[in-house]
Amino acid sequence: MKADAVRGHLDGLLLAVLDQGPLHGYAVIEALQRRSGGELDLPTGTVYPALHRLERVGLLASEWASVGGRRRRTYQLTDAGRGALTGHRREWREFTAAIAAVLRPDLGGADATGAAR
Amino acid sequence: MTAAHRADRCAEHITAHLAALEAALPGPARGKRALLDEARDGLDDAAAAHRDAGVDPVEAERRAVLDFGAVADVAPAFAEEIAMAQTRRTSRVLCVMLPALVLVAHGLLLLAPAPWQQPHDQLVLAGHLAGVVALTVLTGVAALALTSRPVSRVPDRLPAVVSTVAVLAGLALSGGVAALLFDRPVSGPAPAALAVLTVVGLATTSWSGLACRRTAAGPTVVTPR
């Protein structure tokens, strides 16, 4: 998946990855790649400023922790972050449902909304 | 090639990439440090992961840098976050440093003999200072609010506005406090302390405001793909 397509959803992806528990920056990148099956073609360097931005707006909290014998800044969701993730998931479901309804080949040129009624 | 030579080449590859990124980013080094240190850790981790997968150490570093992204691709996101962080730092100076300076100056005037008999122009000046303080606090609070809301888009000109207010307010308040101080001498060590505080306040506010303006300029060497 191209970076431009991913960029608009980066916040939701980062929040979803951190929904499993606190992670440091590179662990976030690893989790993104693992959960996407390596399909997300995103410059990993863009993840660090995005994490700082999400912390600035209160969706993440960070603290320094020792990971593998090194001090790392680890991030975790705040309550506001969990709420934002719920919103991202709802918007994504609505978005994919609408696109899927239009792209369905069996409807041809028919009105998907009308056909569903 | 020896292991030491390989290690040197690896370090050079990542260090050169981060140096190029740092050079492209505007603003003081201290403001960039946290983000760049974190990026360095990530690059080292990525290279280690490639090495663990059996990749040659030099190639592992090259792949880590490739995965990280070209300076032109990642610098805008770094620059924007650095500008926001500096804008918030300067806003906190506006909210705390300058009001504290004026409060101390007004408090000092109360120590003067018969403070209720101050000349009219002193009272007018004190009123103007209070107005400038109100404007700076309002600007600082508004900037902090705008940069901490997840849903609102931060205006592009916000760092420049905060910077301008910081520099002008720093000059105005420092000049005003100095005028109050010299027009209404107070005995004891307090005037000297206020003079030092005024210089520190002006220096801090001006430096922070100018740093804010520099970060607002955006990345400098980014070229479109």
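Start in chain A, where A:Trp92 and A:Phe95 both belong to helix H5 (residues 79–103), three residues apart, or about one turn of the helix. Helices here are DSSP runs of H or I with at least four residues, numbered from the N terminus. This is a predicted model, in which local features need pLDDT of at least 70 and side-chain atom pairs count only at pLDDT 80 or more, while totals for chains, interfaces and linings use all residues. Residues are numbered from 1 along each chain as its sequence is written, chains are lettered from A and ligands numbered from 1 in the order in which they are written, and side-chain values use heavy atoms, leaving out hydrogens and water.

Searching the whole structure turns up three aromatic pairs over all chains. In one of them, the ring centres of A:Trp92 and A:Phe95 are 5.7 Å apart with their planes at 35°, so this pair is tilted. Rings of Phe, Tyr and Trp (its six-membered ring) pair if their centres lie within 6.5 Å; planes under 30 degrees apart count as stacked, over 60 as edge-to-face and the rest as tilted.

How accessible are these two residues? A:Trp92 is partly exposed at 44% relative accessibility, and A:Phe95 is partly exposed with a relative accessible area of 44%. Buried means under 20%, exposed over 50% and partly exposed in between (1.4 Å probe, protein chains only).

Now move to chain B. B:Phe68 and B:Phe78 make a tilted pair, 6.3 Å centre to centre with 45° between the planes. This pair links distant parts of the chain, ten residues apart: B:Phe68 is in helix H3 (residues 57–68) and B:Phe78 in helix H4 (residues 71–111). B:Phe68 is buried at 2% relative accessibility, and B:Phe78 is buried at 0%. Together with A:Tyr48, B:Phe68 and B:Phe78 form one aromatic cluster.

Key
Helix = DSSP H or I, 4+ residues; strand = E, 2+ residues; numbered from the N terminus.
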